[in-house]
Amino acid sequence: MSINCLNCNAPVNESYCSRCGQKAEVKRLTWHSLGEEVFHFFTHIEKGFLKTTGQLIIHPGKLCKSYLDGKRKTYHKPVSFLLIWITIYLFTWYLAGRFTHFENNYTSTLLTLDSPTLTILQKYRSLIDILILPLSALLNWLIIGRPKLNYVEVLCISFYLFSFTFIFHIAHIIISSLLGLNYKNNIGDYIAVAFLAIWGFYACYDFYKQYKISFLIPKLIIWVIAAIPTYIYAGKIIVKLLVALGF
């Protein structure tokens, strides 16, 4: 017996609608169905999510190249992947602030932002990093990626690479909190900048070597040297805008 799909109203003769893919039989929402949905989320989406995370940490170049080459089903999509890690970071930051009560011990130096700017940067890191990401991708593309790749392709892999910064900050916050170490200080920022610069160099080398980029090592060195001050000054500008907007 043919019925109509409750989602798109198309005739349904099988278990699923041929037009939109929804199940023919839709049960009433209950606590049991809600629990099934939550269970489905944590047993299906994370399969690609965990694989993508592992590949990003160990073989970032392979992950990015495979995704650009068309293996889109194997890995988690870059934009939603970054957004999930940002959400986990915000949750971690909130819990750490709630249970540790560390004070801000930032001071202004030539290598870091001033203390008020750093405080706002830490609070709105996710928003600031998202705004800086297109600029960072442009810098990467201009120095290394072109003409082998277009800007959108470099922007796409930048979502993956920026995801790692949040993975690192999450690990940094958790380890510091468990050890009772205040991570809100200049030393923590020095460690973060150094580690992320080294990892970024490795990740880009692991990716671009597959395209046989000429003078890759010198270009990577120039990119790292340019990327750090670009991030700092772009961060300052965005923080000033946030202050002006009343954040």
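Guide: A cavity is a set of grid points where a 1.4 Å probe fits but cannot get out, and a lining residue is one with an atom within 4 Å of such a point. The model here is predicted.

Visitor: Which residues of the lining lie nearest the centre of the largest cavity?

Guide: They are Gln122, Arg125, His169, His172 and Tyr183, out of 12 residues in the lining. Each of these counts as lining because it has an atom within 4 Å of a cavity point. Helix 3 (78–100), helix 6 (151–179) and helix 7 (186–208) each supply at least two lining residues.

Visitor: How do the residues of the lining divide into nonpolar, polar and charged?

Guide: Six are nonpolar, four polar and two charged. Arg125 is in the lining, and Arg counts as charged, whereas Tyr counts as nonpolar.

Visitor: What makes helix 7 and helix 8 a crossing pair?

Guide: The axes of helix 7 and helix 8 (residues 216–244) come within 10 Å and cross at roughly 145°. The crossing of helix 7 and helix 8 is right-handed. Helix 7 contributes Val193, Ala197, Gly200, Phe201, Cys204, Tyr205 and Tyr208 to the contact, and helix 8 contributes Leu216, Ile217, Leu220, Ile221, Trp223, Val224 and Ile228.

Visitor: How many residues of that contact are nonpolar, polar or charged?

Guide: The contact has 13 nonpolar residues, one polar and no charged ones.

Visitor: What kind of peptide bond joins Arg146 and Pro147?

Guide: The bond is cis, with omega at about 0°. Pro147 sits in the loop between helix 5 (125–145) and helix 6.

Visitor: What is the phi of Asn9?

Guide: Phi is positive there, about 70°, although Asn9 is not a glycine. The residue belongs to the loop between strand 1 (3–4) and strand 2 (11–12).

Visitor: Where in the protein is confidence lowest, and where highest?

Guide: The lowest mean, 70, is in helix 4 (residues 115–123), and the highest, 94, is in helix 2 (residues 60–68). For the protein the mean pLDDT is 84, with 87% of residues at 70 or more.

Note on methods: Residues numbered from 1 in each chain as written. Predicted model: local features only at pLDDT ≥ 70, side-chain atom pairs only at ≥ 80, totals over all residues. Heavy atoms only, no water. pLDDT = per-residue confidence, 0-100. Helix = DSSP H or I, 4+ residues; strand = E, 2+ residues; numbered from the N terminus. 1 Å grid on protein atoms, 1.4 Å probe; cavity = no way out; pocket = protein on both sides within 12 Å on 5 of 7 lines; lining within 4 Å. Axes fitted to C-alpha atoms, helices over the stretch in contact; angles between N-to-C directions. Left-handed = near helix turned anticlockwise from the far one by under 90°. Contact = heavy atoms within 4.5 Å.
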